[in-house]
Amino acid sequence: MAIERIIIAALIATSMISMVSAIPGTATFYNTYFPSACYGNEDRGRLIAAANPSLYNNGAACGTRYRVRCTGPTNQGVPQPCTGNEVIVTIVDLCPGCGTDQLDLSQEAFSTIANTDAGRIQIDYTRV
């Protein structure tokens, strides 16, 4: 009985840690994937993203993976853009024009979590 309580407490603590560590931000999307700042013309799939300059950190973010989920709209054009899905993306590029805590997702990644007609959405993202 005591072991069951410890396991349940550990599961609750783990879920709380993952909620606390999510970074709120925004996402846009792009559809020209080559060349990338990290991998040149090497194909890294379609569930990819370009990082803002701070996150990119002179290439240190290349290959890192993030779980991204849509949390809401940034404008009134598409008031309910989120699909309810999450996506895991790999950082393959730099987004020099991105603001702090912004990710530029591949069109395929963006469309997994939101309606592309929105263009820009609010997100939470967590390194995995």
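**View 1. S2 pairs with S4.** Strand S2 lines up parallel with strand S4 (residues 86–94) through 4 bridges; strands here are DSSP E runs of at least two residues, numbered from the N terminus, and two of them pair if DSSP finds at least two bridges between them. Look for alanine 49, whose bridge partner in S4 is isoleucine 91. Alanine 50, for its part, sits opposite aspartate 93 of S4. This is a predicted model, where local features need pLDDT of at least 70, side-chain atom pairs count only at pLDDT 80 or more, and totals for chains, interfaces and linings use all residues. Residues are numbered from 1 along each chain as its sequence is written, and side-chain values use heavy atoms, with hydrogens and water left out.

**View 2. S2 pairs with S5.** Strand S5 (residues 102–106) runs antiparallel to S2, with 3 bridges joining them. Here alanine 50 has aspartate 104 as its bridge partner.

**View 3. The two faces of S2.** In a regular strand, side chains alternate between the two faces of the sheet. S2 covers residues 48–51, with Ile48 and Ala50 on one side and Ala49 and Ala51 on the other. Each of these four is buried, meaning under 20% relative accessible area with a 1.4 Å probe, protein chains only.

**View 4. The whole barrel.** Now zoom out: 6 strands close into a barrel in the order S1-S5-S2-S4-S3-S6, with mixed pairing. From one strand to the next, the twist averages 45°, taken between N-to-C directions of axes fitted to C-alpha atoms, on a scale from 0 to 180 degrees.

Methods. Buried < 20%, exposed > 50% of the residue type's maximum accessible area, 1.4 Å probe, protein only.
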